[in-house]
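Subject: A structure for you to look at

Hello,

Please have a look at it first, and then come back to my notes.

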Amino acid sequence: MSETNTPSLAAMRNLSPRRNTTSAETVDELVTEQLVHFGIDPATQHGRTLASLAGRLYEAGADMDALWRLTQQSIHNLDRSDRIAYFNAKKFLSFQTAKLLDSLQSPFRRSYQSLQLDDSTQTAKGPYAIFDNVTAVFSATPVIARTATYIYACAEWIEDAFKGKELLLEIYSRLLNPTSVSLANFIVDIEAGPYATEYFAWNFNSGMAAIDSVLSHVLGRDDILISSRNIYGGAHQLIHDWYAKPSNLSIGVETFSGYGADDFQQCWEQTKTKYADRLAAGRNAYVYLESPCNPHGYTLDVPAICRAAHDAGLRVILDATVGTPFLMQPLQRVDPRERPDFVIHSYTKDLSGAGSTIAGVVIGRNHDMFIPKGETADGVAWNETMFWNVYYVKGAFLNADTAFEVIQGMRTLGVRMLNKCINTEILARFFDAHPHIIVHCNALTDDENSPLREKLSFIGLPAPLFTIDVEGVPAEVFQRFFDSLEPMFAHMISLGQSNTIVSCPALTTHSELDEAALAASGIGPTTMRMAIGNEDPKDLIAHFIQAAKLAIEPHVPGFTALFLSPAEIDQLVHDCYLGTHRRYIESKASMAEHLG
Ligand SMILES: Cc1ncc(COP(=O)(O)O)c(C=O)c1O
């Protein structure tokens, strides 16, 4: 018998209510111990039946363990049809196991009813959840587990659960919740793709909570943070006003402009000199990036910056919200040195997509995210992982209802994003054709950031976020123009919704920045940020032209005549739609590759 076929005593003991204290060596001993534990007389018919069932369950536990090991060993070498067969064979096993559990419900429920509890006790306790939840396993969407607490199995299992060694018992929804776990698995699969087994995610109740958690996870007093220039105003404020504050963590914050590894490297060299004392005293430096970044939607050369930072021994945090995994998958670089150590998303934006919920996530390597209590993996101790260091103690968890909503939104991410990216190119090119409108958008081939978009973004698509400045228009005329952009350009903050949003970053998302920081970020008082949605682009363009006629034309005669003509706009829309769809379909694997 090969090692993988030997029934594993450890796997069987793991099913025992005395898993940590048992001395049983055989199935029979485990069964006897279990009956004694629950006060069951093995000599009765009921005792014998229970014993028979329990014995088979212990053996099934050993088989499951062998199945797991065999699957791990063989899955990579199977062809696709065998993978399909493996999947469906196991899917059916899960139905058979659940069928057993469901069949157990009748005797289980009857035993409960036989307790004949008082009415007031019954109402206080509510329905006993296990009876009704078994079939919920087969709900076609993840179940919204709206509960604070969980029924647990027995004392030794819950003891393990508190050490993170028994994930079946979720203990308390602030720590783990099935709906939130389902979302975490979903985002890891999408973000890390072929490397998904190397990564783990924790969800948070906002993107800001995710950013704060990862910063508080890595940063210690007097550490140093090198940040890219254009980051979300809230993150800027958190870093500068909280982490850098001397009475808090007194973090030394340095900022680099530009998009490439050279820009980062130059900043790191200066930082090393400026903070030589801190570094000599053993303080650490970290890198914080946002790409594509607020408000211009520009792309950093994340792989090259990660490589340079890792060569210098620095860990990298990336806020990848704006691109979503549809546009960029920074964790799917073949060379791990080119991958950030932590990827953050605000689910609030395009991942959920409708602007109806607030949530965030941090994705990191398994061993940075979770190790059972007391254990060490790859030189990392359990209490250095994000779970125990931050998530477990801070409480910014994501509730089940919101997790469910994010999951539902993510299911349509690809179609929404493709459409938005096409709209972005159309609008950017439409604005750019007007001589008085300055466009900061890497969709334009002559934009300084265009080569990085081409190199790093899925089929070279632009992020659906950019800025424009309307020149030669007095401030109060600009304001009247801005105020007439509703309803096609929604007046609201945020980004990543199905509707197009226009805002003035200097007054809203980036109002936390002082004048110098605003100027360095390329944000003027009348800079308008466009977060492009899924509308018909011609509706957006028509409204923009009409609003300009209404508010600008009387003061700047001839302004509207400088827009593209209707026929040119039709042609632009046509070209962008067809061009992108052609690139999209050509980027997909061939049928032969699918079958191979
Ligand atoms: C790039 C980026 N990251 C993070 C956040 C913060 O996310 P949340 O609003 O979910 O806290 C935002 C919010 O606008 C953002 O634009």
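The mean pLDDT of the protein is 95, with 99% of its residues at 70 or more. One stretch to treat with care is residues 1-5, where pLDDT stays under 50 and the model has 5 contacts beyond four places in sequence. Where pLDDT is low, the predicted coordinates should not be read in detail.

The domain assignment divides the protein into domain 1 (3-136 + 153-171), domain 2 (179-410) and domain 3 (413-593). Taken over C-alpha atoms, the centres of domain 1 and domain 2 are 38 Å apart.

Now to the sheets. One of them is open and has 7 strands, in the order E1-E7-E6-E5-E4-E2-E3, with mixed pairing. At its edges are strand E1 (199-204) and strand E3 (252-256), each of which pairs on one side only. On average, and ignoring direction, neighbouring strands of this sheet are turned by 20° against each other. Strand E6 (residues 342-346) and strand E7 (residues 360-365) run antiparallel and are joined by 5 bridges. In one of these pairings, Phe342 has Gly364 in E7 as its bridge partner.

Two helices to look for here are H9 and H10. Helix H9 (residues 207-218) packs on the sheet and touches E1, strand E4 (285-290), strand E5 (315-319), E6 and E7; its direction makes about 35° with that of E7. Helix H10 (residues 233-243) also packs on the sheet, touching strand E2 (224-228), E3, E4 and E5, and its direction makes about 155° with that of E2.

Another open sheet has 5 strands in the order E10-E11-E14-E13-E12, again with mixed pairing. Strand E10 (437-440) and strand E12 (490-491) are its edge strands, each pairing on one side only. E10 pairs with strand E11 (residues 465-470) in the antiparallel sense over 4 bridges, and Ile438 stands opposite Asp469 in E11. Helix H18 (residues 413-432) packs on this sheet, touching E10, E11 and strand E14 (528-531), and its direction makes about 145° with that of E10.

Enjoy exploring it!

Best wishes

Note on methods. Residues are numbered from 1 along each chain as its sequence is written. This is a predicted model: local features need pLDDT of at least 70, side-chain atom pairs count only at pLDDT 80 or more; totals for chains, interfaces and linings use all residues. Domain bounds come from an automatic or database domain assignment. Two strands pair if DSSP finds at least two bridges between them. Axes are lines fitted to C-alpha atoms, for helices over the stretch in contact, and angles run from 0 to 180 degrees between N-to-C directions. Two residues are in contact if their C-beta atoms, placed from the backbone, lie within 7 Å. pLDDT is the predictor's confidence in each residue, from 0 to 100.
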